[in-house]
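Here are some notes to go with the coordinates. Have the viewer open and follow along point by point.

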Amino acid sequence: YKKVKVVAQVLKDKKIPVKIDVKGEPAPGYEYVGTSCLPEEIKVAGTSKALAEISEVVIPVDITGMTSSSPKLEQNVLVSDYISDNVTVLDDYSTISIKITIEPHEVKALKLRLSDIHFLLLEDGYKAEIISENSFVDIVVSGNSSSINNFDMKDISASINCSGLKEGVYELPLEVKLGEHLKLEKSEKIK
């Protein structure tokens, strides 16, 4: 009988998060909304030293020129392309499914009730009122289509900064705070 000596190294495993690194800008008229991936964590195996050197797997995604109908909005990538050769990806985690959300950029005109506008930093003893023949003011907002479609006027916070104002008539900018992913494009000055 011949003897064979076998040396085996016991590997450890570790769960690490998957991070998507988005680069570039979508096509004109579109907005990047977000990215999701499945699984959000993967399991890798390696020596203690190799596992100590890896804390996440970063997958770069270029969205340059993409629209809401681009073919690469959903893609599967091999994890092994993005990690060191010192670790092994366990079979159940070898592929990451990435979903990129890009939506058309939209602009919408809204009517804001004057009664919903608050006066900020008004000096003690003073009272403020808006001088207008209308009961509303026009504003224009922009954002991705789902933010515009899900927008509720109750989400607006509108105010006029009265700091340092004394008695008189002033034409002041309207300060408008909107929900996430929305931008104020235009508003009237308030008298």
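1. Salt bridges, to begin with. A salt bridge here is a side-chain nitrogen of Lys or Arg within 4 Å of a carboxyl oxygen of Asp or Glu. K154 is exposed, its relative accessible area being 71%, while D152 is partly exposed at 32%. Keep in mind that this is a predicted model.

2. By the same rule the count comes to 4 salt bridges. Another of them links K23 to D21, whose closest N and O atoms are 2.6 Å apart.

3. In what order do the strands of the open sheet run? The order is β4-β1-β3-β6, so you have 4 strands with mixed pairing. β4 (57–62) and β6 (88–89) stand at the edges; each has a single partner strand, so one side of each lacks a neighbour in the sheet.

4. Inside that sheet, have a look at β1 (residues 12–23) and β3. The two run antiparallel and are joined by 6 bridges. For a handy landmark, find K14, which stands opposite V44 in β3.

5. A backbone detail worth checking by eye: the peptide bond from L38 to P39 is cis, with omega near -5°. In general, most peptide bonds are trans. P39 sits in the loop between β2 (30–38) and β3 (41–46).

6. On cysteines, how many disulfides does a search of the whole structure find? The answer is 0. As for individual cysteines, C37 is buried, with a relative accessible area of 8%. C162 is buried too, at 4% relative accessibility; the cut-off for buried is under 20%.

7. Last, the largest pocket. Its volume is about 360 Å³. The lining is made up of 19 residues, and K127, A128, E129, G168 and Y170 are the ones that lie nearest the centre. Sorted by class, the lining has 13 nonpolar, 1 polar and 5 charged residues.

Terms used: Residues are numbered from 1 along each chain as its sequence is written. This is a predicted model: local features need pLDDT of at least 70, side-chain atom pairs count only at pLDDT 80 or more; totals for chains, interfaces and linings use all residues. Side-chain values use heavy atoms; hydrogens and water are left out. A disulfide is a pair of cysteine sulfur atoms within 2.5 Å. Buried means under 20% relative accessible area, exposed over 50%, partly exposed in between (1.4 Å probe, protein chains only). Two strands pair if DSSP finds at least two bridges between them. On a 1 Å grid over the protein atoms alone, a cavity is a set of points where a 1.4 Å probe fits but cannot get out, and a pocket is an open set with protein on both sides within 12 Å along at least five of seven lines; lining residues have an atom within 4 Å of a point. Grid points are joined across faces, edges and corners, and a volume is the space filled by probe spheres set on the points. Ala, Val, Leu, Ile, Met, Phe, Trp, Tyr, Cys and Pro count as nonpolar, Asp, Glu, Lys and Arg as charged, and the others, Gly among them, as polar.
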